Amino acid sequence: MRTRRGHCYPKVNMMNERETKRRRRTHFTGEQMGYRKRLKGSPESRGESDFFDALPDDLVLCILCKLSSTASCPADFINFLITCRRFNGLGLHSLVLSKACEKMVAVKAKNWSESTHRFLKLCADSGNIEACYTLGMIRFYCLRNRGSGASLIAKAAISSYAAALYSLAVIQFNGSGGSKNDKDLRAGVALCARAAFLGHVDALRELGHCLQDGYGVKQNIADGRRFLVQANARELAAVLATPAPDAGSWLTWNPLLPQRHVAVAGCPLFSDFGCNVPAPVTHPVNRFLSDWFSGCEGSPGPGLRLCSHSGCGRPETRRHEFRRCSVCGAVNYCSRACQALDWKLRHKTECAGAERWLDDAGEIEANGIDINIDGDGNAVEGMEN
């Protein structure tokens, strides 16, 4: 072809041009399909921007701290850790772990593993008091690492954690981890007093029995009974503060309560008045100890026994460390508080001497059996080493 001026168009190889266009179209289509596969469902593929990546780390940490402090179980924390890589990195921040609540570090004995141990240690190193107490109790009683466990419990006690103070008091009363000569009764009473001041009901009950019996402190029966009544009142207040569908059922009078040989569900706080409240909620650490030694993980050791109170789980660290019932000799307790609770819950219907107490009190006095009266007005069997 020629133009008006007679010039010719440049010759173009039509086959090469078509081949080039085809190759370009194939290359573009393949690249676009791969791009769609990689970013399928992403904001960029829909023409949107990812606002989550634009959030500052401080704001994300604040959200994660709120989640860790309100988690209902460890699985809640694990679920948002595996959500994305950013959550996984920021979720293990020391600030997030330090805010973890009791339920988040409440591990179960059947789920115990080396990774669980590392996670609790990471929380404890971050300054989490719950993790310090939980890991300390597990190391002291389950893993038999007495020194490391006691130091972690003491770390929690220094931060005024009431449960850790009471656990150290039990260790001092029994000389746990050492010999019988390592008992320090005065230190145990001081730790109980501090824990009772912080509102620990078992510590208040233990302090009341110590004052009533003159155990590690000058005997003062009036103050001891007053503390026992206060412990019962705090239990009653805790039940009233807990919402439950059948919260009013325990207020009804039960004619079977005066009959001590009849088993009644719950914990009779003032059994003489027919007031029957639910059993106290077991701490996750005590539940872990009970499951650990009752399951397949192993026994406390040859000749060692567990505390007979079902809500305790503490084992002996040496033979004959715990005190036993002086009537039947079939049960043993790590503390007077556990003995008083188990007497209300279970043992008063099982003790071999309970029926004899009701039948003939004079014969019991002749036999020299020690009977104590607790703050509820109930007879409590004596304990001996």
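The chat below goes through a pocket and some aromatic rings of a predicted model.

Visitor: What should I know about the model before we start?
Guide: It is predicted, so local features need pLDDT of at least 70 and side-chain atom pairs count only at pLDDT 80 or more, while totals for chains, interfaces and linings use all residues. Residues are numbered from 1 along each chain as its sequence is written, and side-chain values use heavy atoms, with hydrogens and water left out.

Visitor: OK, how many aromatic pairs are there?
Guide: There are eight aromatic pairs, where rings of Phe, Tyr and Trp (its six-membered ring) pair if their centres lie within 6.5 Å, and planes under 30 degrees apart count as stacked, over 60 as edge-to-face and the rest as tilted.

Visitor: And which kind is Phe77 with Phe119?
Guide: That pair is tilted, because the ring centres of Phe77 and Phe119 are 5.7 Å apart and their planes stand at 40 degrees. Phe77 belongs to helix α4 and Phe119 to helix α7, so the pair ties together parts 42 residues apart in sequence; helices here are DSSP runs (H or I, at least four residues), numbered from the N terminus.

Visitor: Is Phe77 buried or exposed?
Guide: Phe77 is buried, with a relative accessible area of 2%, where buried means under 20%, exposed over 50% and partly exposed in between (1.4 Å probe, protein chains only).

Visitor: What about Phe80 and Phe87?
Guide: Both are buried, and their rings, with centres 6.4 Å apart and planes at 85 degrees, form an edge-to-face pair. Ring pairs link Phe77, Phe80, Phe87 and Phe119 into a cluster.

Visitor: Switching topic, which element gives the most to the lining of the second largest pocket?
Guide: α4 does, with five residues; a pocket is an open set of points on a 1 Å grid over the protein atoms alone, where a 1.4 Å probe fits, with protein on both sides within 12 Å along at least five of seven lines, and lining residues have an atom within 4 Å of a point.

Technical notes
Helices (H or I, at least four residues) and strands (E, at least two) are DSSP runs, numbered from the N terminus.
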